[in-house]
Amino acid sequence: MIKRKVIGASVLSFVMGVSMFATGAFGQQPNIQEESYRVIIQGPSSDKAEAKKNVGVRWDFGAEGFTTTVNSKQYQALVKNKNLTIEKVQEVQFAPNNEGAAKPGGSTNSGPSDQTPWGIQAIYNDSSIQATSGGSGIKVAVLDTGANTTHTDLTNRVEQCKDFTQAKTPLIDGSCSDGNGHGTHVAGTVLADGGSNGQGIYGVAPEAKLWAYKVLNNRGSGYSDDIASAIRTAADEAARTSSKVIISMSLGSSAKDSLISSAVDYAYSKGVLIIAAAGNSGPSSNTIGYPGALVNAVAVAALEDIQQNGTYRVADFSSRGNPATDEDYVIQERDVEVSAPGRAIESTWHDGSYNTISGTSMATPHVSGLAAKIWAANPSMSHTALRAELQNRAKSNDILGGTGAATGDDYASGFGFPRVR
């Protein structure tokens, strides 16, 4: 029997101030009369080989199958082969904006209102800090909408720039243009270096190098096979260049995707630390999204400074994990691991300016930058030891209680808020 299942979480959206994780966020499944759509094809090697000759290959995942884009005529020809399993890759659309979470695009400024925004001051635990440092020798692969690699605060940090989203050519090296802003914003929080004139904004680890991997289109969505391939590429690049690599993903879906899950496991086995957003579907429990919910990914919740004086709490929009595993101090699937600033975060923007937006997308790069800073200072540390160090630095007593926060290994805040010192 031919299977025509839809891959859960096949197309993922960035986790900014809108809920990408809500049930019902999926778009309509294309029917076979539509012009073209992405599919993954599985089956015996001989049948797959024949299918590859007929429809081409976008990404080949070996035993997991291969993906391609087909038109209706090609699809109908494929489904006649009873030995093939064909799964349509379905797109996830933006869900309505969550109450309390800022919409995309906040206020844009020609210059930063603060070179060290409140999130940077908070993670450094220093309200008077004027510039940041650290991250030398560490590569941070930001899988997002791309990045403005000519932004004055990022241009000296860029080492790789790749586009996984184009229809005709699955991987374009040297291209990662960001027509949305989200990826540039995330990258800036990780490693913006203040610019050549020192008048720009600073990220957590301004000496780290940026691998800007565009896996989401300018609307903020992308296919799971493209994301999985980018994860595997980062892992292979880490091995090829003997580099210490952190993957930062401010994207997600409510459903677990097999291609992305397998890619995360692959990268983790190669010594790469994966850090991902928890999602913006809070404050209810068990709302954490994937890939953050995976055991081999560090899920990051969003904090807000409610009195602008260092009084933190988990933002209402921030997704929560499983309360049944509270205080067991073991990270399981669907657990929040740590928390970081995620409300009203100022950072670099795709037009060369700066923007202030909110979401667990903004919390994630704070932790990615911190991980880069710690790793650079402790180069002999393994990625698992680095992960343990993030947990050890996390403090739950810095976070006010409330809906699921915070007692230590809490389902809203995880182990707490890790800092530089």
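Biologist: What makes you say helix 4 is largely enclosed by the rest of the structure?

Modeller: This is a predicted model, mind you. Buried means under 20% relative accessible area, and 10 of the 10 residues of helix 4 pass, so the rest of the structure largely encloses this helix. Among them are His182, His185 and Thr189, along with Val186, Val190 and Leu191.

Biologist: Which strand pairs with strand 7 in the parallel sense, and what makes it count as a pair?

Modeller: Two bridges are enough for a pair. Strand 12 (residues 244-249) has 6 bridges to strand 7, so by that definition they pair, in the parallel sense. Leucine 143, for one, has methionine 249 as its bridge partner in strand 12. Strand 10 (residues 209-214) also runs parallel to strand 7, joined by 6 bridges, with tryptophan 211 opposite alanine 141.

Biologist: Why is the link of cysteine 161 and cysteine 176 called a disulfide?

Modeller: The cut-off is 2.5 Å between the sulfur atoms, and S to S here is 2.1 Å, so the pair qualifies. The structure holds 1 disulfide.

Biologist: Why are strand 3 and strand 5 said to stand at the edges?

Modeller: They belong to an open sheet of 4 strands, in the order 3-4-2-5, with antiparallel pairing. Strand 3 (59-60) and strand 5 (85-88) each have a single partner strand, so one side of each is left without a neighbour in the sheet.

Biologist: How do you know that strand 2 and strand 4 pair?

Modeller: At least two bridges are needed, and 6 bridges join strand 2 (residues 36-42) to strand 4 (residues 66-71), which run antiparallel. Serine 36, for example, has asparagine 71 as its bridge partner in strand 4.

Biologist: What makes a set of residues a nonpolar core, and how many does the largest have?

Modeller: The members are buried residues of the nonpolar kinds, joined through side-chain atoms within 4.5 Å. The largest such core has 97 residues, and those with the most contacts inside it are Leu143, Ile231, Ile247, Met249 and Leu273. Helix 7 (residues 360-377) gives the largest share, 8 residues. Apart from that core lies another, of 12 residues, including Ile41, Val55, Tyr75 and Leu78.

Biologist: Which residues is leucine 273 in contact with, leaving aside its neighbours within four places in sequence?

Modeller: Contact needs heavy atoms within 4.5 Å. On that basis leucine 273 touches Val245, Ile246, Ile247, Tyr268, Val298, Ala371, His383, Leu386, Arg387 and Leu390.

Biologist: How many of the chain's residues are buried?

Modeller: Buried residues make up 60% of the 421 residues. The chain exposes about 15200 Å², with carbon and sulfur atoms supplying 45% of it. Its secondary structure comes to 8 helices and 19 strands.

Note on methods: Residues numbered from 1 in each chain as written. Predicted model: local features only at pLDDT ≥ 70, side-chain atom pairs only at ≥ 80, totals over all residues. Heavy atoms only, no water. Helix = DSSP H or I, 4+ residues; strand = E, 2+ residues; numbered from the N terminus. Buried < 20%, exposed > 50% of the residue type's maximum accessible area, 1.4 Å probe, protein only. Areas by Shrake-Rupley, 256 points an atom, 1.4 Å probe, with all protein chains shown as cover.
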